[in-house]
Amino acid sequence: MKKNLIVITGASSGFGVELAKAFAQEVYPLLLLARRIEKMEALNLPNTLCRKVDVTDKQAFEKAVREAESLYGQTDLLINNAGIMLLGDLAIQDTAEWKKMLDVNVLGVMNGMQIVMNDMKARQHGTIINISSMAGVMPFGNHAAYCASKYAVRGVTQTARLELSPHNVRVIVVEPGAVETELLSHTTTPEIIANYESWKQSVGAVNITAADVAKTIKFTYELPQAVLIRELLISDTKQDA
Ligand code: NDP
């Protein structure tokens, strides 16, 4: 059976790469988006278009989606996965870091939703999966601005569900706990990075992999359209918060 187009943002590392690989194994046509196009192209996946897109640039984001749709048909699944985590002490963190995180993590997600949701509504079919975080459900130290962005993703997803459920479009929010990826590397305070790493080791939250998260997300998508896992809170079994 012909598979429908899947769009994955942030597909150049971490969860995005594992999602791309998992779906490619079953020959879904893919559009992969991120700024480091060479990393996505190096995956060398079949039936896949890679485009260098910053999700905060809605025009470029939309152009890439329409290009992929002209090749593969309309988008049936958008995974809004691109995100950054700039941890910091709210009292002293550079406010430019707050703006950057809210722009990428929240407005980037909303850009993606608006690009695909109208066609999905018209077709009465489709799925949008937004990657929030366990930090979108509960607070963690030095996560204030990151939490603000991830609570927002959860809020926008829950609200969009009210708007899209009557049109048979599924909207899902995923809230992962700590998983080893490049995510922490962009935080600019070395002490905060070191504390986060030692917390992860101390609770033993080191065994769950990005591939495990990708496999679980793929499962939620492949359920029948009438079945909606609204929220997926997923972590290492040993993570104690
Ligand atoms: P990575 O840093 O490994 O991957 C982040 C991805 O987002 C990269 O592909 C990066 O690509 C992309 N990205 C960042 N900024 C932009 C942008 N402006 N435009 C387009 N793409 C962008 O981290 P993860 O895989 O861990 O993160 C994926 C998502 O999961 C994020 O939303 C993150 O907040 C969330 N998450 C992660 C957890 C974890 O512990 N790993 C826990 C909870 C949530 P490029 O730089 O090439 O543009």
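**Exercise 1. Determine whether arginine 66 is buried, partly exposed or exposed, and trace its salt bridges.**

Arginine 66 has a relative accessible area of 30%, so it counts as partly exposed. Here buried means under 20% relative accessible area, exposed over 50%, and partly exposed in between, with a 1.4 Å probe and protein chains only. The model is a predicted one, in which local features need pLDDT of at least 70, side-chain atom pairs count only at pLDDT 80 or more, and totals for chains, interfaces and linings use all residues. Residues are numbered from 1 along each chain as its sequence is written, and side-chain values use heavy atoms, with hydrogens and water left out.

Step 1. Arginine 66 forms a salt bridge with glutamate 62, the closest N and O atoms being 2.9 Å apart. A salt bridge is a side-chain nitrogen of Lys or Arg within 4 Å of a carboxyl oxygen of Asp or Glu. Because glutamate 62 and arginine 66 are four residues apart in helix 3 (residues 58–72), about one helical turn separates them. Helices are DSSP runs of H or I with at least four residues, strands runs of E with at least two, numbered from the N terminus.

Step 2. Arginine 66 also meets aspartate 119 in a salt bridge (3.9 Å, N to O). This pair links distant parts of the chain, helix 3 and helix 4 (residues 95–123), 53 residues apart. Aspartate 119 is partly exposed, at 25%.

Step 3. Glu62, Arg66, Glu69 and Asp119 are linked in a network of salt bridges.

**Exercise 2. Describe the salt bridge between lysine 200 and glutamate 180.**

Step 1. The two side chains meet at 2.7 Å, N to O.

Step 2. Lysine 200 lies in helix 6 (residues 190–203) and glutamate 180 in the loop between strand 6 (170–176) and helix 6, so the pair ties together parts 20 residues apart in sequence.

Step 3. Lysine 200 is buried, with a relative accessible area of 4%, whereas glutamate 180 is partly exposed, at 49%.
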